[in-house]
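Below is a colleague's note for a student who is reading a structure for perhaps the first time. Please keep the sequence and the model open beside the text while working through the numbered points.

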Amino acid sequence: MKHFSNYIVFFILVTTLVSCKNEPKKTTMKEVGQEVEKNNLKLLVGTHASEDEQGIYQLEFNTVTGELTNSEHLVKEDNSGYLYLSKDDKRVYSSNGTKPGSVSAFEWNDKGTELSKVSNFSSEGDGACYIELSPNEDLLAAANYGSGGIVMYSVDQDGKIIGEPTPRQHEGNGPHKNQKSPHAHCVKFSKDGNFLYAVDLGIDKILAYPISNNTLEREHIALQLDPGDGPRHLIFHPTKNRVFIINELYSSVVSADVDPKTGTFKKIDKKSTLPEDFDGFNACADIHLSNDGKFLYASNRGHNSIAIFSVSDNGMMNLLGTESVQGDWPRNFTLSPDNNFLLVANRKTDNITVFKRDANTGLLSFTGHTVDLPQPVCLKFR
């Protein structure tokens with residue numbers, strides 16, 4: 001009888017231990033909050049809106065669902081167009097498309113929750129539309145669309161613009177009605193920081209400015225585009241000495257090899273961003289490349305779509321199709337850091353739309369997620 005009682009006690013003990021082991025772990029509210037926070041990124045948005053609504057906004061982006069929430073108007077700024085963020089996430093720079101144009105610098109507070117303007121400088125021209133820091137973040141450059149020139153500034157260790165700006169005025173014109181004068185639309189530093197490239201829509205050229213002792217030397221032509229192309233933006237391949245250019249006026253993309261020593265480009269391929277049966281008005285805007293360099297994306301304003309290209313190892317491009325942006329006038333778009341989503345800023349319909357990206361095919365599908373925001377023109381993850 002005694003042995004039987006001991007057996008019963010042992011059975012109860014084992015059953016209790018097994019039950020405890022199989023019982024699901026309870027998740028605390030704190031852990032739920034941490035998981036949500038881990039899945040969220042901050043998205044900054046530059047806008048061209050009315051006086052009370054214009055400036056820089058911030059949204060939260062869920063990296064699992066693609067949902068955008070918690071819109072916040074951080075600062076007011078006149079015609080804040082293109083934004084550029086410092087690598088340490090302490091500063092934000094804005095090109096302001098005013099007449100005369102200007103460049104503004106903002107700083108985050110210690111918690112990274114509030115943004116305040118610390119300086120504003122003339123862009124030495126009209127309609128500043130693009131801005132970028134050099135790889136070492138000791139130089140800052142801006143493009144003036146209205147007056148057709150560029151400017152470069154020195155930046156100190158605290159990210160503040162210092163010294164006298166170095167402006168450069170472009171000359172010339174092109175055959176298109178929008179090419180009566182120069183229109184600098186983009187500035188990009190080379191990967192090694194030895195050149196500053198200026199993309200000029202008005203003269204169908206990409207100019208290369210050698211940089212020596214933080215000074216711009218005399219420019220030369222990096223690439224002469226076809227008459228009437230109207231080049232707008234360029235991007236570099238993540239690993240190869242290669243560049244991709246989007247033409248606003250001719251609705252096309254161009255690939256080219258880069259000679260890092262001379263700063264010149266050698267054209268490889270040129271493809272239309274539009275379906276063959278489309279004959280309406282269109283003006284291309286933005287261009288991005290997937291992290292693996294296999295897929296290229298370009299925005300069509302008018303056709304209101306994202307053109308999707310596959311890119312071969314030798315730089316040849318193939319149009320896979322176009323995806324409707326679910327809005328009007330996609331001025332700018334961006335890929336999420338993990339490249340799982342593509343977000344589009346539709347200026348004329350005052351909304352940002354979110355698309356899921358297939359990493360294997362490069363194709364896009366609308367998630368159904370959209371958020372209303374006044375005239376969004378630039379999207380930047382932080």
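**Notes on pockets, core and chain**

1. The second largest pocket is lined by 15 residues, and those nearest its centre are His 48, Cys 129, Tyr 145, Arg 331 and Arg 347. Here a pocket is an open set of points on a 1 Å grid over the protein atoms alone, with protein on both sides within 12 Å along at least five of seven lines, and lining residues have an atom within 4 Å of a point. Its volume is about 280 Å³, where a volume is the space filled by probe spheres set on the points, and grid points are joined across faces, edges and corners. By class, this lining has four nonpolar, six polar and five charged residues; Ala, Val, Leu, Ile, Met, Phe, Trp, Tyr, Cys and Pro count as nonpolar, Asp, Glu, Lys and Arg as charged, and the others, Gly among them, as polar.

2. Before going further, please note that this is a predicted model, in which local features need pLDDT of at least 70 and side-chain atom pairs count only at pLDDT 80 or more, while totals for chains, interfaces and linings use all residues. Residues are numbered from 1 along each chain as its sequence is written, and side-chain values use heavy atoms, with hydrogens and water left out.

3. The largest pocket has a volume of about 1,100 Å³, and among the 38 residues of its lining, Tyr 82, Tyr 84, Lys 188, His 288 and Lys 380 lie nearest its centre. At least two lining residues come from each of the strands S4 (80–85), S8 (128–133), S12 (184–189), S17 (231–236), S21 (283–289), S25 (330–335) and S29 (376–381). Strands (E, at least two residues) and helices (H or I, at least four) are DSSP runs, numbered from the N terminus. The lining divides into 18 nonpolar, twelve polar and eight charged residues.

4. The structure also holds one cavity of 30 Å³ or more, a cavity being a set of grid points where a 1.4 Å probe fits but cannot get out. The volume of the largest cavity is about 80 Å³, and its lining includes Tyr 82, Cys 129, Arg 331 and Cys 378. Strands S4, S8, S17, S25 and S29 each give two or more residues to that lining.

5. A disulfide is a pair of cysteine sulfur atoms within 2.5 Å, and the structure holds zero of them. Cys 129 is buried at a relative accessible area of 13%, and Cys 186 is buried at 0%; buried means under 20% relative accessible area, exposed over 50%, and partly exposed in between (1.4 Å probe, protein chains only).

6. The largest nonpolar core has 56 residues, and those touching the most other members are Leu 140, Leu 196, Tyr 197, Ile 206, Leu 234 and Phe 265. Such a core is a set of buried Ala, Val, Leu, Ile, Met, Phe, Trp, Tyr and Cys residues joined through side-chain atoms within 4.5 Å. A second, separate core of 15 residues includes Val 45, Leu 343, Val 354 and Val 371. Beyond its neighbours within four places in sequence, Ile 206 is in contact (heavy atoms within 4.5 Å) with residues including Tyr 197, His 220, Leu 234 and Phe 265.

7. Over the whole protein chain there are two helices and 29 strands, and buried residues make up 51% of its 382 residues. Along its principal axes, the C-alpha trace spans about 110 × 50 × 45 Å.

8. Some backbone details deserve a careful look. Most residues other than glycine have a negative phi, and most peptide bonds are trans. The peptide bond from Lys 99 to Pro 100 is cis, with omega near 0 degrees, and Pro 100 sits in the loop between strands S5 (91–96) and S6 (102–108). Ser 251, which is not a glycine, has a positive phi near 50 degrees and is buried at 4% relative accessibility. Asp 350, also not a glycine, has a positive phi of about 55 degrees, and at 31% relative accessibility Asp 350 is partly exposed.
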